[in-house]
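Good morning, colleagues. I would like to take a few minutes to go through the model now coming up on the screen, with attention to confidence and to the contact between chains.

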Amino acid sequence: VIFVLYPIVDTVYVSFLSKDSGNFVGLENYNYVLFEKVNPLINTANILQGLFPMGALIHNLIWITIHLPVTILLGLAFAVLLRDVKGGTIVKAIVFLGIVVPLVIGGVLFRYVYDKDAGVVNAALRVVGLGAYAMDFTQFRQTALFSVILGSIWIWTGFAMIIYSAGLEGIPKEVYEAAEIDGTSRWRTFWRITVPMLRSTTLVVVTLTLLWELKIFDIVYVVTQGGPGGASSVLAFDMYSEAFQANNLGTGAAIAVIMTLMTFGVAAYLVNRMSKS
Amino acid sequence: VLVIIIVVAGIIVYAYYASTTPQSKLTVYALWSGTEEFNFKQVLGNFTANTGIDVSYFSQTTQDMLITVPQQLSAPPYDVDVIIVPWPNWIHDNAENLAPVTDLVTTSQFPTNIIQPVSADGTLWAAPFKLSGKPGFWYRPSFFEANGLSVPTTYDEFKNTLLPAIKAVPGVEAAIASGVDANGLGWPLSDVTEAWIIGRGGYQLQLDLETGPSVRNWTDSQVTSVFDELTGLLETPDYFSAPAEWTGQIGKLWSGAYGLFFEGNFVTAQPQVENKSDIDFFPFPETNGVSGSVDYTVLTKDAPHMDQAKQLIQYLASADAQEILVKQGGALATNTGVPASAYSASDKKVVDFMGKAGITIVPDLDDTIGGQWQTTFWDQLKLLWTDPSTATMNTVLNNLQAAAIEQQGT
């Protein structure tokens, strides 16, 4: 009641109050953050033009669309490919480093990774003769969001890999031996045995990754501050910005409620699926 | 496991005693790091030598100072005694958690326009310490000489002769360096933008914008005209560089990758300036004003060492302390008692320019407005710099107008 219920109820209550008068303003704060504020959560005009910023809510959805499948596929690939390979543990440990490094430190690293003069990304472009395209990708509206998403893939892949590795250990060896005796190819074994038997593991990875993506904040705060011009902002950063930079608790709470509803919806659906599976 | 338990228990015991034992040192927060921090510590060192009071200095990031520190001040007890910030708006917003310094400062020792922004109803909430002027474009005279470049006297000469000439110098990436801070915040871009506002629109335009939409809108034709001019230059390839960390940009200015860098006089204090006699500035051509910002010291309401903190505030406002600071270069004094002989040649030139007839010193635009508008301004300028076009400019001005209305009203 004290640590969960009261804060939730109070946040919802505050989201209906005016910043200036403290009076009840209905859905005004929601309308403001969704469509009216500088860099609204949904920027329809820019979405239609394919131009960033498209709004923090859309940015979160883009994040999920890219980050979720890529980290899951990479995590699964690393877990399966490195399972019985000599030295695989060392490679896994290196991949897992991403999840061990605090997000803030990871963010600082990525600022340098994308640096025009000192960064490894631009150094690589120069090596392959694409030096003309060298730039600080975090500073430009059309690349800023994608550069932080790419950074977050490195950070989170280790998590997916470890969970999948644990899941793989749970598959009985006899099943693989039977497939081998039947002359099943490795590819078919992967699709017909490994993937189906990792179904509940995948649900866990998807659930936790989605929740992580919905509340992503640290890396955006450190690498781009949501900029330029809000082009890489996300819901959590906008919430922080409204509540603590603009000191507008009502609009900050409105964003928090939107985030909570999205997170709760996703979590409820996936947890339900997990229980059934 | 036993070792871990012992270590953790030791840390807890240490933390308990550390938190219950009052620190004997004064604690000061400011935004300076690197050379600026080093120079400030020389002043603190002199204070300690004179009074026997030790002082600990903690550098804060801009975001921490804007958000975390105010939260800390509203929830005593805390360790910090004295804070130095360049934002009058921040000082007024946090006045209820600060102690007045009215009795600690002799206001007649400072120009009125420096005292006025931190006064309210006869109460002085901060003491002026350091003044930073944003006098113009910094350049290396040796670079100009080697490439046959000359300082422009008119804006047309600057735009049509100097910028193309710098761009044509072999090895130059862009004529003008553009900076952001180490955390990616665009405050250095705001300094160069203010130069265009004052230089092309006049100092009164900046003063009007500081007052807010009740006097001047960001979408007014005069503002649009200034931004149109700036956007045109941003659109021209290699006139302005892409934004990058500002001290690194000074290094590239020094190595000849850029010809000019618009910034405050604190540029000369940076270690990237390898030869202090090979750095000079020229004012924004035909300007009638210059932007200046003051770093103010404030006393926290529940300062753990109130009496010593008051002594430090008094000391930092004194001509003696400020003379020590300006002698190290890259800083100007707010106390009028600091002799002209204390300044280095380049700083003296800045002081002379700022005191010149026909030049009006106006408060720094974003420092004066502060709040959410300030961070919006920095962020929107990053957008303009990295995707310059008339459409982006209109978006930026509309967003600045909306943010100004939100904060300052109509």
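Let me begin with a term: pLDDT is the predictor's confidence in each residue, on a scale from 0 to 100. It applies here since this is a predicted model. For chain A the average pLDDT is 91, and 100% of the residues score at least 70. Among the elements of chain A, the highest mean pLDDT, 95, belongs to helix 4 of chain A, residues 56-81. The lowest mean, 87, belongs to helix 5 of chain A, residues 88-100.

I turn now to the interface. On one side, 23 residues of chain A are in contact with 25 residues of chain B. The area buried between chain A and chain B is about 2100 Å², and carbon and sulfur atoms give 46% of that area. Which three residues supply more than any others of the area that chain A buries against chain B? They are A:V38, A:Q139 and A:R141, which together supply 27%.

As for specific interactions, the count between chain A and chain B is 2 salt bridges. One of these joins B:K252 to A:D117, with the closest N and O atoms 2.9 Å apart.

Finally, the side of chain A that touches chain B. The elements giving two or more residues to that side are helix 12 (218-223) and helix 13 (235-245) of chain A. Helix 13 of chain A gives the largest share, 4 residues.

Technical notes. Residues are numbered from 1 along each chain as its sequence is written. Chains are lettered from A and ligands numbered from 1 in the order in which they are written. This is a predicted model: local features need pLDDT of at least 70, side-chain atom pairs count only at pLDDT 80 or more; totals for chains, interfaces and linings use all residues. Side-chain values use heavy atoms; hydrogens and water are left out. Contact means heavy atoms within 4.5 Å. Buried area is the accessible area (1.4 Å probe) that two parts lose on being put together, summed over both. A salt bridge is a side-chain nitrogen of Lys or Arg within 4 Å of a carboxyl oxygen of Asp or Glu.
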